[in-house]
Amino acid sequence: MRTLGIIPARAGSKRLPRKNVLPIGGKPMVCWVIEAARKAQSLDRLVVSSDDPEVLALAAGYDPGIVLERPAELATDTSPAIEYVKHALVSLERRGEEPFSVVVILQPSSPLTQPDDINATVQLLLRTGADTAVSVVRLDHAIHPVKLKIMEGDRLLPYLEEERGRLAAHELPVLYVRNCAVYATRRYVIESGQIIGADCRGYVMPRERSIDINDELDYRFAEFLVERRGVAGERVGRC
């Protein structure tokens with residue numbers, strides 16, 4: 001059984017331009033995930049799938065073999081994720097590489113992901129025999145669905161259900177949400193046209209590593225977290 005790690009890092013971020021190459025702790029964002037992936041023993045092969053020459057150059061600074069140029073038509077705002085995954089599988093296997101049974105997607109917008117997070121998600125998939133395993137984070141009680149409201153004028157009304165006096169965290173059921181860091185899925189799920197299969201398991205990542213950078217505020221918060229932690233990684237090539 002071979003496991004392929006894919007870091008998707010297209011060029012066209014709209015909410016945070018050049019997102020994947022913005023520096024965090026003095027290092028481009030995509031480099032954080034490349035370094036974590038290179039240290040994850042659960043990955044047999046790694047590629048960085050991108051249409052961005054700057055991202056591809058950064059990846060080549062670690063290992064030219066991980067560079068995978070993505071066609072422009074697979075890197076638009078509306079391109080389904082399944083398409084770049086299939087492109088990676090076909091490209092590598094056409095070069096004569098052994099087939100892959102598991103695909104692991106690692107998002108560069110989650111730069112605080114650690115090798116242990118990657119390994120644990122893959123191990124969960126293999127141990128349980130599930131279709132898919134993903135990283136999740138416990139949902140903060142302040143945004144629990146029971147607390148969601150709509151407004152009619154200035155009047156607050158329940159969106160899903162009445163709170164019924166359940167104000168404290170211990171009065172609400174524990175909920176989790178995908179934190180977008182790690183997706184591990186079996187080949188047959190990909191071939192069915194899906195990323196996440198029917199039997200999906202969750203690996204719980206701590207909140208402090210579950211940052212998902214989509215806009216300027218997320219980016220500044222990630223910078224703050226890295227500064228506070230004093231995190232450093234390997235310095236390779238332009239990174």
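These legends walk through several close-up views of a predicted model.

**View 1. An open sheet of 7 strands.**
Let us start with the sheet, whose 7 strands follow the order E5-E4-E1-E6-E10-E7-E11. The sheet is open, and its pairing is mixed. At its edges are strand E5 (67-69) and strand E11 (200-204), each of which pairs on one side only. On average, and with direction ignored, neighbouring strands of this sheet are turned by 30 degrees against each other.

**View 2. Strand E1 and its two partners.**
Here we look at strand E1, which covers residues 3-8. On one side, E1 pairs with strand E6 (residues 102-106) in the parallel sense, over 4 bridges. In that pairing, Gly5 stands opposite Val104 in E6. E1 also pairs with E4 in the parallel sense, this time over 5 bridges. There, Ile6 is the residue that stands opposite Val47 in E4.

**View 3. The two faces of strand E1.**
Why does E1 count as largely enclosed by the rest of the structure? Because 6 of the 6 residues of E1 are buried.

**View 4. Helix H3 across the sheet.**
Helix H3 is made of residues 81-94 and lies across E1, strand E4 (45-50), E5 and E6. Compared with E1, helix H3 runs at about 130 degrees.

**View 5. Helix H1, mostly covered.**
Next comes helix H1, spanning residues 29-38, of which 9 out of 10 are buried. The buried set consists of Met29, Val30, Cys31, Trp32, Val33, Ile34, Glu35, Ala36 and Ala37. Let us pick out Glu35, which has its place in helix H1. Is Glu35 buried or exposed? Glu35 counts as buried because its relative accessibility is 4%, and buried means under 20%. Glu35 and Ala59 are 24 residues apart along the chain, and their C-alpha atoms are separated by 10.0 Å.

**View 6. The largest pocket.**
Now for some open space: the largest pocket holds about 570 Å³. Its lining is made of 22 residues, and those nearest its centre are Pro8, Arg10, Lys19, Gln107 and Asn214. By class, the lining of the largest pocket divides into 8 nonpolar, 8 polar and 6 charged residues.

**View 7. The second largest pocket.**
The second largest pocket has a volume of about 440 Å³. It is lined by 16 residues, with Val137, Arg207, Ser210, Ile211 and Asp212 the closest to its centre. Which elements each supply at least two residues of this lining? They are strand E7 (132-138), strand E10 (176-186) and helix H6 (216-229). E10 gives the largest share of the lining, with 4 residues. The lining of the second largest pocket has 8 nonpolar, 2 polar and 6 charged residues.

Pro145 has a relative accessible area of 24%, so it is partly exposed. If we leave aside neighbours within four places in sequence, Pro145 is in contact with Leu139, Leu160 and Leu175. The C-alpha atom of Pro145 is separated by 8.3 Å from that of Glu161, which is 16 residues apart from it along the chain.

**View 8. Two residues with a positive phi.**
Arg18 is not a glycine, yet it has a positive phi of about 60 degrees. It is found in the loop between E1 and strand E2 (23-24). At 45% relative accessibility, Arg18 is partly exposed. Cys180, which is not a glycine either, has a positive phi of about 70 degrees. This residue has its place in strand E10, the strand that gives the largest share of the lining of the second largest pocket. Cys180 is partly exposed as well, with a relative accessible area of 25%.

Notes: Residues are numbered from 1 along each chain as its sequence is written. This is a predicted model: local features need pLDDT of at least 70, side-chain atom pairs count only at pLDDT 80 or more; totals for chains, interfaces and linings use all residues. Side-chain values use heavy atoms; hydrogens and water are left out. Two strands pair if DSSP finds at least two bridges between them. Axes are lines fitted to C-alpha atoms, for helices over the stretch in contact, and angles run from 0 to 180 degrees between N-to-C directions. Contact means heavy atoms within 4.5 Å. On a 1 Å grid over the protein atoms alone, a cavity is a set of points where a 1.4 Å probe fits but cannot get out, and a pocket is an open set with protein on both sides within 12 Å along at least five of seven lines; lining residues have an atom within 4 Å of a point. Grid points are joined across faces, edges and corners, and a volume is the space filled by probe spheres set on the points. Ala, Val, Leu, Ile, Met, Phe, Trp, Tyr, Cys and Pro count as nonpolar, Asp, Glu, Lys and Arg as charged, and the others, Gly among them, as polar. Buried means under 20% relative accessible area, exposed over 50%, partly exposed in between (1.4 Å probe, protein chains only).
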